[in-house]
Protein chains: 2
Amino acid sequence: TKEDFDLAALYVSDAQYNRNIFFDTSPQAVRLYLLYNHWLPRVLLYFFILVDLCLALFEEPAVVLLPLWVTLLVELLCLLVFTLRLFHYARVIPRDKFWKDPKNICIIVILLLTLVDMIIYGALVATNCYAVRWSRVLRPLLLVNITEGRQLRRAFRSIRNALPEIFYVFLLFMFSVLMFSLMALKLLGKRGLKTIDGSAYFTNYLEVVFDLYVLVTTANSPDVMMPAYNSSDVFVLFFILYIFINTYIFMSAFLAVVFNNYKKHLKEEVRQLVKAKRHKMVRAFAVLQERREEGGALVVSHANWTQVVRQVQPNISNAHRELLWSVCDDKNQGFIGRLAFVQLADLLNIEVITLKSRPHPLQNWCPSIYLSAPSRLICRMVQHRAFVIAYDLIILTNAVFIGLDEENPMIANSEWVFLALYLLEILLKLYVFEPRSFFSKHSFWNWFDTIIVVSALIATIVNAALKSSGGYTSRQILDIVFILRVLRLIRVVDSIERFRAIINTLIRIGPAILTFGQLIVVVYYIFAMVGMEVFKGKVKFYDEDSSDPAKAYCGNSLLKGTDFAQANYCKNNFNNVVSSFILLVELTVVNQWHDILYLNATSMVFGGSNPADNPLLSSGFATVTHVSARIFFVLFHILVVIVIINIFVSFVLEAFYVEY
Amino acid sequence: TKEDFDLAALYVSDAQYNRNIFFDTSPQAVRLYLLYNHWLPRVLLYFFILVDLCLALFEEPAVVLLPLWVTLLVELLCLLVFTLRLFHYARVIPRDKFWKDPKNICIIVILLLTLVDMIIYGALVATNCYAVRWSRVLRPLLLVNITEGRQLRRAFRSIRNALPEIFYVFLLFMFSVLMFSLMALKLLGKRGLKTIDGSAYFTNYLEVVFDLYVLVTTANSPDVMMPAYNSSDVFVLFFILYIFINTYIFMSAFLAVVFNNYKKHLKEEVRQLVKAKRHKMVRAFAVLQERREEGGALVVSHANWTQVVRQVQPNISNAHRELLWSVCDDKNQGFIGRLAFVQLADLLNIEVITLKSRPHPLQNWCPSIYLSAPSRLICRMVQHRAFVIAYDLIILTNAVFIGLDEENPMIANSEWVFLALYLLEILLKLYVFEPRSFFSKHSFWNWFDTIIVVSALIATIVNAALKSSGGYTSRQILDIVFILRVLRLIRVVDSIERFRAIINTLIRIGPAILTFGQLIVVVYYIFAMVGMEVFKGKVKFYDEDSSDPAKAYCGNSLLKGTDFAQANYCKNNFNNVVSSFILLVELTVVNQWHDILYLNATSMVFGGSNPADNPLLSSGFATVTHVSARIFFVLFHILVVIVIINIFVSFVLEAFYVEY
Ligand code: NA
């Protein structure tokens, strides 16, 4: 029946795209499931998640502040969309399966908590009370828990699996840090040394622990050891031993543990994936199976197979489909058994490149010219190795010209020459090679070249037109022109065999990087929300044109004369979601993070009064209030640098091992 | 004959210790070779290499300056020793082999060049001319080229093998840096932005390249992007993309390439080693072989085998030797063939732990007491799990007490209690366990405990005696007491199974770390010698008590008001070999290196005049003179951070993969 074919096609397509949803098999549920998998609701879902996440741009503390009712209304709309999508999903799969799945429970809890928070927040703001939108940290978790977040969940599972082993190494690492700190306290604390700002050196145990933790990230090297070094060379041995053990050995051990777990986990995930795929295909087979003869094996006939394949991939060519059939039915029996049928999902994923050596269209239109001697000479020339080398030389010359001052009219005009040369190259290639194969899916560099050169041509013409018409040059268009010019040079890499191998490895990492990107966004978003609530508004950024005297100390008298203000770090703050994200990137890079974070926190408790005026206050303050900033960073460091970055590095290591 | 046995024993011992020297087989050469392998001349050789390397401490620029004739005389003595050792080696191996071996040629060239340099230097100094002891960079190369430097040569070969692939990734990486720099120049250079010190931002291409290279090491993050960030948020995208591609992707790619090469190379080296070993054993067999019957196989008799084993390992027990024989001669024929003989080298390396459950000596002396009920109760108590837990708790309590202020008399006296408890633990264990097995070779923690506790006891008693006698406390003894106290706490790690596994992995890395240590010393020494010649005396360090106004700017008016002087970095200089090594460690850690190096170089050309007085001079100076510092660091960074540290990380990765 048609319903059977629908069901079978659904199983096959689930297997093909690695979907692992146990949907209800009633005809109505199958129709709903088909709709559920349609691209439009999926794109809409991601769009509304994006809108939900972007709300942080317009909420207090905002980049562009919108009235509260606008953001609340938009968020309500988002919640509605997520609820509908979840409701749809509930109709697709059996009720008991729905309630057993933790991700559905997660989404429901997130939606309910968000709603509760919105009501409480609205009420508190209406009554002018202090209110915190704490449910904003839950927003990115939606990305993880929607059915489409498979890859992201896999990444989180990979982290969860590595955690126990990381935890043991971390305990040992912390033990080492604590022991070294104790030794530092005993060896250096009683010597009456002073740090650069005149305070006592290594006298408070918790301060020592934190300073040495920072040293592991190398961020305060060599500052932290200078007082000891200035007092005696011998103390440097302590720091060298510390860095060797904790920075080199332990950080490598973290990478080793993550890498080993990653490889183990990867194998297990692949096994699971293959199993789920097989399971789906077996179910599809069960729907289509028939018995040719009494007591014979269960098989699927050619006709049924064809029908299903047509439904799964409507745009597959007949030739391609028959090729797949002949692979399955290698004995040419007209039917296939279960084993042959199960391969179908993988066969459909194999891209068959039809290498028809089609003649050039020009050859069909006017063969006399296209096949003439000069035309053939052009073809031979373009296909010659020298043509590639000639254009590489042109690109290198171009690079030099770009580096020179473009205000010089000669240089500015040379741009037209280079553009013409690049355009000529593309036209020549289009003359020689069949256009459809030139612009085939796999010809990355042809697409790259053409897009870059055509865009550069358009941008340059627009720029020239603007200039000649009103003498006015748009900075934005000029920027685009420059970027396109530089991008054009990248092509030179493709000419060298060894480079191509490396680049191909890097390109193949691409899809996985998208998953890592989402992972990073989830973690950053949560930390940004927390950071904004805790540290917002303490450090202010003044425009360059501002003549406010507070500009010199980032609008906070506590920062008067500090390195932070002198280094112009005022914009490194948690005052809105954009600067929070940038600050978190800086914390990921690790350099100078203690300065950045310390001083964002320094200004936390004392709004305007200067604790330096009161030495007692100042020292008490130093030991108490930075704790939040320290916990914040240490958590961030463990999660992002020790875990996520190491997973990323493991991933690159494995990719190079497999591909290169 | 005796000579045959000598020769065979030599082959076997070469195979056992992986020596791969093709010595001459004449009886005289064999005797010389035996002497060559004796521990005394080898220790002497290493001693004189150490002396030669340490000469840098006493040569201009010196830590302790000795008269020139003293250092020259000592170096001459070292050269003599090296020549003698080489001459000895030349007598051991066939002449043609000697001249074909590049390491011998290397040593000869090093010795000759050093001699020439010494003569030239002596002559120049005598005539008061400017002279450079350039041959000092050759000194560490002796470590690599002596026959005992096998492991080190293997490490260098490993680097050489990885170089071509690293080179291609490096080219691509530099291409990426150059492209990004070009883009930065075009996008940011024309916007009239200013850096923190008021100079133009990103206007000179080479400066941009260097700044972005530094950014790859993260050392100038976020400073380098602050001017752009302050002008617009959008520019941060450029830097994030740059860091992502160059710091995360490319640095991981370097690690991946080094790691893959390391694994490949490791397998090849092991294969070579096994081959060489087999070759030596086959030669030993050929010396000892005899034919039992006409036309029969060649074999070695039990008597001959025993004789050779006795010569190779004179202190092997008869039982152990017979055990090895029974492993070889498993059919009990009284002779063995070639295959069985070849195993001998590996068999000799296997440590046979004789697990005799010897009774406790006390049991022999007075069994009535030792086997009495209370004594047995003690034995059961000590062997109980609770005993370990009790002592772990004592250690943790001890840790808290150490953290507290030791000036408090209660705390100070508690130290005696803890010492008594630890001593009691050791005595109890000695009472319960057989002392020889308690102090066996493999009981690392027992040795550790005993040595630490006994040393602590002695140091504490000496300290108390000094204090009570004259009220005088020696800072050095107190330091030792503190260090021993903290070290005592480490033992707690051994109680937790998971920690023990990690620690054992780390301990097994030990021997390889020694090779890395030598590798690092070779590279550091060369860079230190070059750095001292180029940068010495530019930055001066003044004692804390000094009241010289030049102290504020490290004795160089060029450094007035710079971060370098303000951060008290004056001691980070190339003024002697110790501070050079410490500076190189700081460069390896990478943080702040651009500041350290830049300012060591800043003061290079202008001795006393301040270029800031002359803006033209200052800007010209900025572009010309730092080139040497930049080349110096970039070379150091590539060699040490990109290559050697990555090999070290690969090594830890592999160790954790194999062991953990
Ligand atoms: Na750093």
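## Cavities

How many cavities of 30 Å³ or more does a search of the whole structure find? The search turns up 11 of them. This is a predicted model, so treat everything below as read from a prediction. The largest cavity holds about 1,100 Å³ of space. Its lining runs to 37 residues, and the ones nearest the centre are A:Thr247, A:Tyr248, A:Met251, B:Thr247 and B:Met251.

Which helices each supply at least two residues of that lining? On chain A they are H11 (235–288), H26 (577–589) and H29 (626–659), and on chain B they are H11 (234–288), H26 (577–589) and H29 (626–659).

## Where the chains meet

Chain A puts 91 residues into the contact, and chain B puts in 91 residues too. Between them the two chains bury about 8,600 Å², and 69% of that is on carbon and sulfur atoms. The interface also carries 4 salt bridges.

## Chain A overall

Chain A comes to 29 helices and 3 strands. Its C-alpha trace spans about 95 × 75 × 60 Å along the principal axes. Of its 660 residues, 49% count as buried. Take the contacts in chain A between residues at least 6 apart in sequence: 71% of them join residues at least 24 apart.

A:Gln16 sits in helix H1 (residues 2–16). Is this glutamine buried or exposed? A:Gln16 counts as buried because its relative accessibility is 3%, and buried means under 20%. Setting aside neighbours within four places in sequence, A:Gln16 is in contact with A:Val312, A:Gln313, A:Ala345, A:Leu348 and A:Asn349.

A:Val342 belongs to helix H14 (residues 338–342), and at 14% relative accessibility this valine counts as buried as well. Leaving out neighbours within four places in sequence, A:Val342 is in contact with A:Arg278, A:Met281 and A:Val282. A:Val342 and A:Val282 are 60 residues apart in sequence, yet their C-alpha atoms are 6.6 Å apart in space.

## Salt bridges

Over all chains, the search finds 54 salt bridges. Side chains of opposite charge can pair when their charged atoms come close. In chain A, A:Lys277 pairs with A:Asp346, with the closest N and O atoms 3.1 Å apart. That pair links distant parts of the chain: A:Lys277 is in helix H11, A:Asp346 is in helix H15 (residues 344–349), and 69 residues separate them. A:Lys277 is buried at 16% relative accessible area, whereas A:Asp346, at 41%, counts as partly exposed. There's also a salt-bridge network in chain A, linking A:Asp52, A:Glu59, A:Glu75, A:Asp117, A:Arg133, A:Arg136, A:Arg139 and A:Glu533.

Over in chain B, B:Glu75 has a salt bridge with B:Arg133 (3.1 Å, N to O). B:Arg133 lies in the loop between helix H6 (102–126) and helix H7 (141–145), and B:Glu75 is in helix H4 (residues 68–92), so the pair ties together parts 58 residues apart in sequence. Both B:Arg133 and B:Glu75 are buried. B:Glu75 also meets B:Arg139 in a salt bridge, 3.0 Å from N to O. Here B:Arg139 is in the loop between H6 and H7, so this pair joins helix H4 to a part of the chain 64 residues away in sequence. B:Glu75 is buried at 1% relative accessibility, and B:Arg139 is buried at 3%.

Most residues other than glycine have a negative phi, and most peptide bonds are trans. Where are the exceptions? The bond from A:Ser221 to A:Pro222 is cis, with omega near -5 degrees, and A:Pro222 lies in the loop between helix H9 (205–216) and helix H10 (226–231) of chain A. In chain B, a cis peptide bond joins B:Ser221 and B:Pro222, with omega about -5 degrees; B:Pro222 is in the loop between helix H9 (205–216) and helix H10 (226–231) of chain B.

A:Asn332 has a positive phi, near 55 degrees, in the loop between helix H13 (318–328) and strand E3 (335–336) of chain A. This asparagine is exposed, with a relative accessible area of 67%. B:Asn332 likewise has a phi near 55 degrees, and B:Asn332 is exposed at 68%.

Technical notes
Residues are numbered from 1 along each chain as its sequence is written. Chains are lettered from A and ligands numbered from 1 in the order in which they are written. This is a predicted model: local features need pLDDT of at least 70, side-chain atom pairs count only at pLDDT 80 or more; totals for chains, interfaces and linings use all residues. Side-chain values use heavy atoms; hydrogens and water are left out. On a 1 Å grid over the protein atoms alone, a cavity is a set of points where a 1.4 Å probe fits but cannot get out, and a pocket is an open set with protein on both sides within 12 Å along at least five of seven lines; lining residues have an atom within 4 Å of a point. Grid points are joined across faces, edges and corners, and a volume is the space filled by probe spheres set on the points. Helices (H or I, at least four residues) and strands (E, at least two) are DSSP runs, numbered from the N terminus. Buried means under 20% relative accessible area, exposed over 50%, partly exposed in between (1.4 Å probe, protein chains only). Contact means heavy atoms within 4.5 Å. Buried area is the accessible area (1.4 Å probe) that two parts lose on being put together, summed over both. A salt bridge is a side-chain nitrogen of Lys or Arg within 4 Å of a carboxyl oxygen of Asp or Glu.
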